[in-house]
Every structure is written in structure tokens, then in C-alpha cells.
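Subject: Structure for you to look at

Hi,

Here is the structure I promised to pass on.

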Amino acid sequence: MGFKSGRHFLQIPGPTNVPERVLRALSRATIDHRGPEFAQMARELFHGLQQIFKTAGTVVVYPASGTGAWEAALVNTLSPGDTVLMFETGHFAALWRSVALKLGLVVDFIPGDWRRGVDPAVVEETLAADKARKIKAVAVVHNETSTGVTSRLDDIRQAIDRAGHPALFMVDTISSLGSIDYRQDEWGVDVGVGCSQKGLMLPPGLGLNAISRKALDASQSARLPRSYWDWEAMIRDNRSGFFPYTPATNLLYGLRESLRMLIEEGLDHVFNRHLRHAEATRRAVRAWGLEILCLNPEEYSPALTTVVMPEGYDADALRKLVLERFDLALGTGLGKLKGRVFRIGHLGDFNDLMLAGTLCGVEMGLSLAGIPFLKGGVAAALDFLSGG
Ligand SMILES: *Cc1c(COP(=O)(O)O)cnc(C)c1O
């Protein structure tokens, strides 16, 4: 690979572009994580995280990727042999299921075609049929990053309530937190699972659990073995601004900065910015004559768009070409979508011209790769972006 001038375009749907302000914050010298300056920072963080999750409940932060935060949600609330209701919305839902299975949980996995979100009617039906109350948790991926489909959490919550079922409601907010409206308390989510490298605009390395009162109560009798992930020691030490083991101090500096940025911009503004960039991207895709993987317009993801390749063309060859020619990284197809789709991330620290540049790279790449498409996708996006 030769010398690369200019800026790399990291348009995968996570890790996302890390803003300058966050990079500078990350590079500060590490301090004593048992000293007063640290404790003060930790208190600001917990408060900021509550605002981002829209909860008055507790938020804990692990030095971990999102997968660790998935495991933490399960081991703190459930016991061996408990049943969890999960939905095959895509690759990440399938991975969360495999974590649950390895932990000795039973998963009732509702099949899906990876082109739709969780159907609230199926949630209601399944829970209503569970007369013995064997299902202890309903686990949903809010924004399926492998497909670009966002499930309707509000409707799912209402479905659980209509069934009158006591199961815990667990939500993977990993690629929605800080980019798509998410309301932990209003939607009665018991464990919100998040991590650092998507909407929070940080490098990978922090895993989050936002915990309801009901989930805390469940953790008192949950019997899955847990040590590193145990909420109890975390919450006890966090009260005074400390951690039971060494926290990722520099990532926490970055988190403090990214939370400040999200709050400065205003969450509603952040969400609208993502909605607008998603709409512009879809207009480009349609003008190219290509297909959007998500079938239900109500479930289009504001954070990324997954584009289906014309039959017989390899998405990864296109990705390789735009990376080499334009230093633009697009998301690969995950799991069974490998080679069949590519993903355009439009979440995190992002603006109109960055989106325009990204779409230009895709359009030029489609041309260079000899893929049958119509020119004019970029023009359609620009018309939308400049249209008031
Ligand atoms: C990225 C992502 C994960 C996985 O997180 P890791 O940090 O790779 O462990 C899980 N769920 C969703 C929806 C994601 O987008």
C-alpha cells in the first residue's frame, strides 16, 4: 500500500470516526484511578450516561467490547436453564443468542429473514402463549447493524404489556445509543446494552449496561456464575466514583468528551442529523437503481444503510476497490450476507460533506467496478441535502 494523503473515510457502521476533540481527550496522561480527580470525572460520566440512555437508573461501564456487555446483561439477571426470547433479525442477534446458549440459557429464537425488525405482534403472541411464564427475558437488538433495520422498541414494549408478561426487557442499543432515539425509562427497558465505538464516537473498549430497578432486583436471585461482570461490586464502588478493578481511564476521558459533545449538540439534533443523512443515502441508492436491504420503510435505520449488490457481483470486490482508490472503508456483509451486500455507515461524528464524499466514493467505485447501475445517486443526495 502506497502513501495516503488526506483523510481516511471510515464509513463502516462502527467503529466510527473519532472526532478531534475526543482524540485529544484520549491522549491526556493517565491519572490515579483511586484519586479525587478520577472520582470527580466518574461522577460526571455516570450523570452524562443517564442523560444519553434517558434513565434515572444505574449505568455501569466495563473495560470491554459490546460482546462483554451482552454477557453482563445475561449473567447478572438470569439462572441456568432460564428461557430467553430472541429474534433472528440479523448477525448481531444471532451472536447474542450464541452467547446466551454458551452460558447455559435456553433460547426461544424466532426465525427471521434479516430484512425486517422484530414483529411486535409475534412478541405479544409468544408471550401470551407462555402461560407457565418460562420466558424470563425478551432480548431485542434495537438497530441491527448487519442489516440496517431498526426495531420499534416502543411497540415491542406495548406488546409485552398487552401480554401482561413479567419477563425482563433487554435491548442491545450498541449502534443506536447516541444516534437513534432511545428511551430506557419511557420504554421500560430493564437492561440497555451499549458500547463505545458506534454512536458514542469513541474507539472500541467500553461496554455499558443501563440497569432498571427490576433488573437489579432480578440480580439478587440470579444464579449464573459471574465475577468480572458482577453489577454488585461495580455499583457499590461506583457510588464513590471508583471501580472494583482498573478502569480504562483514557477511554473514560474520551467518553467524558463525547458525552459533552452529544449534550452540546442536543440529542434531538443528533437524531435528526442521522435521519437526514439516512434519507439522503437512500435517495442515492434508489437513484443508482440498487436495492435497500431493509424492506419496511418504518424500520429504515438512521445509522447505516445496507445496499444489495446486483446478482453476480461481489460486494467485497467493490469495497476493496474503493478502499484502494479512495481510502474509503465501507462495511462488509456479515454472516450469510457476505459478498451480497455492503453497508454505508452514516453515524457518529458526521456531516453533509462527509456524506457527500462517501457517496461520491461509492458512485465512482460502482463505475470502476463495472457494476450495472444508473449515475445520479450523488446528485439526488445533494439535491436533498441542499433542499432546505
Ligand atoms: C458492533 C455491535 C455489536 C458487537 O460489539 P463488539 O464491540 O464487537 O463486541 C453488538 N451489537 C450490535 C448491534 C453492534 O452493532
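Helices (H or I, at least four residues) and strands (E, at least two) are DSSP runs, numbered from the N terminus. Please keep in mind that this is a predicted model, so local features need pLDDT of at least 70 and side-chain atom pairs count only at pLDDT 80 or more, while totals for chains, interfaces and linings use all residues. Residues are numbered from 1 along each chain as its sequence is written, and side-chain values use heavy atoms, with hydrogens and water left out.

Backbone first. Pro-15 sits in the loop between strand E1 (9–11) and helix H1 (20–26), and the peptide bond that joins Gly-14 to Pro-15 is cis, with omega about -5 degrees. Most peptide bonds are trans, and most residues other than glycine have a negative phi. Lys-54 is not a glycine, yet has a positive phi of about 55 degrees; Lys-54 belongs to the loop between helix H2 (36–53) and strand E2 (58–63). Trp-114 also has a positive phi, near 65 degrees, and is placed in the loop between strand E4 (106–110) and helix H5 (120–129).

How covered are these two? I call a residue buried under 20% relative accessible area, exposed over 50% and partly exposed in between (1.4 Å probe, protein chains only). Lys-54 is partly exposed at 28%, whereas Trp-114 is buried at 6%.

Another loop residue to look at is Glu-299, between strand E11 (291–292) and strand E12 (304–308). Glu-299 is buried, with 2% relative accessibility. Leaving aside residues up to four places away in sequence, Glu-299 touches Arg-116, Gly-117, Val-118, Gly-148, Val-149, Thr-150, Arg-152 and Cys-294, where contact means heavy atoms within 4.5 Å.

Now the ligand. Its shell has 14 residues, and the closest are Ser-65, Thr-67, Thr-145, Asp-172 and Lys-198; a residue counts as near if one of its heavy atoms lies within 4 Å. Five of the shell residues are nonpolar, seven polar and two charged. Here Ala, Val, Leu, Ile, Met, Phe, Trp, Tyr, Cys and Pro count as nonpolar, Asp, Glu, Lys and Arg as charged, and the others, Gly among them, as polar. Helix H3 (residues 66–75) gives the largest share of the shell, three residues.

Which polar side-chain atom lies 2.7 Å from a nitrogen atom of the ligand? That atom belongs to Asp-172. A ligand oxygen is 2.6 Å from a side-chain N or O atom of Thr-67, and a ligand oxygen is 2.8 Å from a side-chain N or O atom of Gln-197. The protein covers 87% of the 380 Å² of accessible area that the ligand has on its own.

Last, the charged pairs. There are 25 salt bridges in the structure, each a side-chain nitrogen of Lys or Arg within 4 Å of a carboxyl oxygen of Asp or Glu. In one of them Arg-183, partly exposed at 27%, pairs with Asp-181, the closest N and O atoms being 2.5 Å apart. Arg-213 and Asp-217 form another, at 3.1 Å from N to O; they are four residues apart in helix H7 (residues 213–221), so about one helical turn separates them. Arg-213 is exposed at 60%, while Asp-217 is partly exposed at 42%. Salt bridges with shared partners also join Arg-21, Glu-44, Glu-257, Arg-260 and Glu-264 into one network.

Happy viewing!

Key
Polar contact = N/O pair within 3.5 Å; in protein donor to acceptor, adjacent residues only side chain to side chain. Areas by Shrake-Rupley, 256 points an atom, 1.4 Å probe, with all protein chains shown as cover.
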